[in-house]
Amino acid sequence: MFAPLIEESLSFLNLKKLVIDSGLCSLCGSCGLICEKIDYKDLPSLKKDISCVVSNGAKTCGTLGCCFDNCPMTSFSKKEYEIAFFGEESSDPDLGFFKKIVSARSTNNEILSRAQNGGTITSLLTYTLSGYLTDPKYTGAIVTRKGEAWNPIPFFASKPEELLLSTGSIYSRLPLSQQIRTLLREKHNLIFVGTGCQTTGVRKYQYNFLNKVPPERAHLFLIGVFCYENFPYPQFKDTIQEKSKVLIDRINKMDINKGKLVITIEDGTVLQYPIKEFNHIVPEACKFCTNFTAEFADISVGSVGADDNWNSLIIRSKEGLELVERAEDDGIIETTTKVSLESIRKNVARKMLLNEKIVTKRREKDFYVPNYY
Ligand SMILES: Cc1cc2nc3c(=O)[nH]c(=O)nc-3n(C[C@H](O)[C@H](O)[C@H](O)COP(=O)(O)OP(=O)(O)OC[C@H]3O[C@@H](n4cnc5c(N)ncnc54)[C@H](O)[C@@H]3O)c2cc1C
Ligand code: SF4
Ligand code: SF4
Ligand code: SF4
C-alpha cells in the first residue's frame, strides 16, 4: 500500500464539497486571502502537490479550516459585522447600514471621459493616493484592470496617475481578495475596490484574523461596487463574440444598464443585448447572492438610482463619510441628494426573489445553504 501523495484534511474538503462543488463559489479570492495553499483557475483548488494537513497549514486552521470561515458564502452574523465595522446594527434590510446616501461624480474631465459612470471611485482613489490625506496615509489601492481581451486582472496602484489604468467595469469575476494577503504585510494601509462577495470576504478576514493586529499595521478601506451578477470570463467572452460577431479586443466599453448589455465597438458602433440572454452563464453563486449593494464596504458605489454619468453612493462608515466630505470640500467630487432609493431597492428585491428560488432548489438537493443572521 502506498500513502497518497497529496493528503487533504477535511478542512479544505469542506469548502470544496459544501461551497465550490455545489456551485456557490463566486471566485472572490477570499479563501486564498487566508491561505497560500489555495490557487485559482476556473475555481479554487489546492496548489499542485501541496497537502492540506492542518498542522502544516495556516496557524489557526480548525475542524472546518480558516478558508471555510473566510468564505463569504459560509454563515456569519451580519449584525455582529455591522456593529464591529460601523458601530451600529442596520435597520434597513435592503441597503444595510448607512450614514448617508448621495449622488456623486468626479470633477476631473479626464477621469470622467474614461470612467464607467461618474468616475467617483477613481477620483476618490486618486485623492487618497495623492498625499492630501495623512491620517491614515494610504500606500496603495488594489483594483481591477483590463488585461488582454477584457480578461480582468488584479492591479496594485501606488501612484494617483496609475489609477487611470483601472477605470471602467469589467463584467467578469476574478479572485481579487487574495491580493491582500501579501500586499497588506508590506504596505499596511490599503484601499480595496471589489464586489459584495469580495468585500465581505475581506471583512471576514479583518473580523476573524486581523482583530489582534494593531490598526497602523493592517488598515483596509473598502469601496464596494453594486453588483447584480458577474460572469465567468471564458463564457462571457465566447457569448459576446458569438452574438456580436466582433472580436472582444475591438470593444471599447461595456455597460449593463436598464436590463441591457450595451457594447461600444472601436469604430463607434453601439450594440445592445437584453441581459437575460446571458442568463445561462450567470453562476449559481450570483443567483444566490443578495448582497447587491456591498453591505460591508466603507462606501458602496453604483449607477442605479443616479442620473446618467453620475454615481449613487451609500456611505456607511465614519471614515467613509469623512473621505467623501473632504473630497467634496477639496473640489475632487461634487455631490447632490438626488438618488432614487426605490430603484436600488427594486434590484435588491429582485435578488431576494431569485435567492428564494435557489435556496428551495438547494434544499431539495440537500446542498449547503449558509445562514446570514
Ligand atoms: C461585475 C460588476 C457588476 C456591476 N453591476 C452593477 C449593477 O448591477 N448596478 C449598478 O448600479 N452598478 C453595478 N456595477 C457598478 C458600476 O458598473 C460601476 O463600477 C460603479 O457605478 C462605479 O462607477 P465609477 O464611474 O465610479 O467607476 P470607475 O471610476 O470607472 O472605477 C471602476 C472601478 O471598478 C473596479 N472594477 C472593474 N471591474 C471590476 C471587477 N470585475 N470586479 C471588481 N471590481 C471591478 C475597478 O477596480 C475600478 O476601481 C457593477 C460593477 C461590476 C464590476
Ligand atoms: S486554510 Fe487550512 S484547511 Fe484551508 S487550505 Fe489552508 S491549511 Fe487547508
Ligand atoms: S472564498 Fe470566494 S473563492 Fe473561495 S470558495 Fe468562497 S466564494 Fe469561492
Ligand atoms: S452577484 Fe454577488 S456573488 Fe456575484 S459577483 Fe456580485 S457580489 Fe459576488
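**A predicted model and its ligand surroundings**

Me: Which elements each supply at least two residues of the shell around ligand 1?

Reply: Helices (DSSP runs of H or I, at least four residues) and strands (runs of E, at least two) are numbered from the N terminus. A residue is near a molecule if its C-beta atom, placed from the backbone, lies within 6 Å of it. The elements that each supply at least two residues of the shell around ligand 1 are helix 6 (120–129), strand 4 (140–146), strand 6 (189–194) and strand 11 (299–302).

Me: Which element gives the most to the shell around ligand 1?

Reply: This is a predicted model, in which local features need pLDDT of at least 70, side-chain atom pairs count only at pLDDT 80 or more, and totals for chains, interfaces and linings use all residues. Residues are numbered from 1 along each chain as its sequence is written, while chains are lettered from A and ligands numbered from 1 in the order in which they are written. Among the 33 residues around ligand 1, those that come nearest are T122, V143, Y228, G302 and V304. With three residues, the element that gives the most to this shell is helix 6.

Me: How many charged residues are in the shell around ligand 1?

Reply: Ala, Val, Leu, Ile, Met, Phe, Trp, Tyr, Cys and Pro count as nonpolar, Asp, Glu, Lys and Arg as charged, and the others, Gly among them, as polar. The shell around ligand 1 has 15 nonpolar and 18 polar residues. The number of charged residues there is none.

Me: Which residues come nearest to ligand 3?

Reply: The shell around ligand 3 divides into 12 nonpolar, four polar and no charged residues. Helix 1 gives the most to this shell, with three residues. Of the 16 residues around ligand 3, the ones that come nearest are C25, C28, S30, C31 and C71.

Me: What is the radius of gyration of the protein chain?

Reply: The radius of gyration is taken over C-alpha atoms, and the globule rule is 2.2 Å times the number of residues to the power 0.38. Because the chain has 373 residues, a compact globule would have a radius near 21 Å. The value for the protein chain agrees with this, at 20 Å.

Me: How far apart do the C-alpha centres of domain 1 and domain 3 lie?

Reply: Domain bounds come from an automatic or database domain assignment. The chain is divided into domain 1 (10–76), domain 2 (80–230 + 283–357) and domain 3 (233–281). The C-alpha centres of domain 1 and domain 3 are separated by 33 Å.

Me: Is K245 buried or exposed?

Reply: A residue is buried if 20 or more other C-beta atoms lie within 10 Å of its own, exposed if 12 or fewer, and partly exposed in between, with C-beta atoms placed from the backbone. K245 is found in the loop between helix 9 (233–244) and strand 8 (251–257), and its phi is near 60°, a positive value in a residue other than glycine. Because 7 other C-beta atoms lie within 10 Å, K245 is exposed.

Me: With which residues is G168 in contact, leaving aside its neighbours within four places in sequence?

Reply: Two residues are in contact if their C-beta atoms, placed from the backbone, lie within 7 Å. G168 is placed in the loop between strand 5 (152–157) and helix 7 (179–187), and it is partly exposed because 18 other C-beta atoms lie within 10 Å. Leaving aside its neighbours within four places in sequence, G168 is in contact with R114, A115, Q116 and K253.
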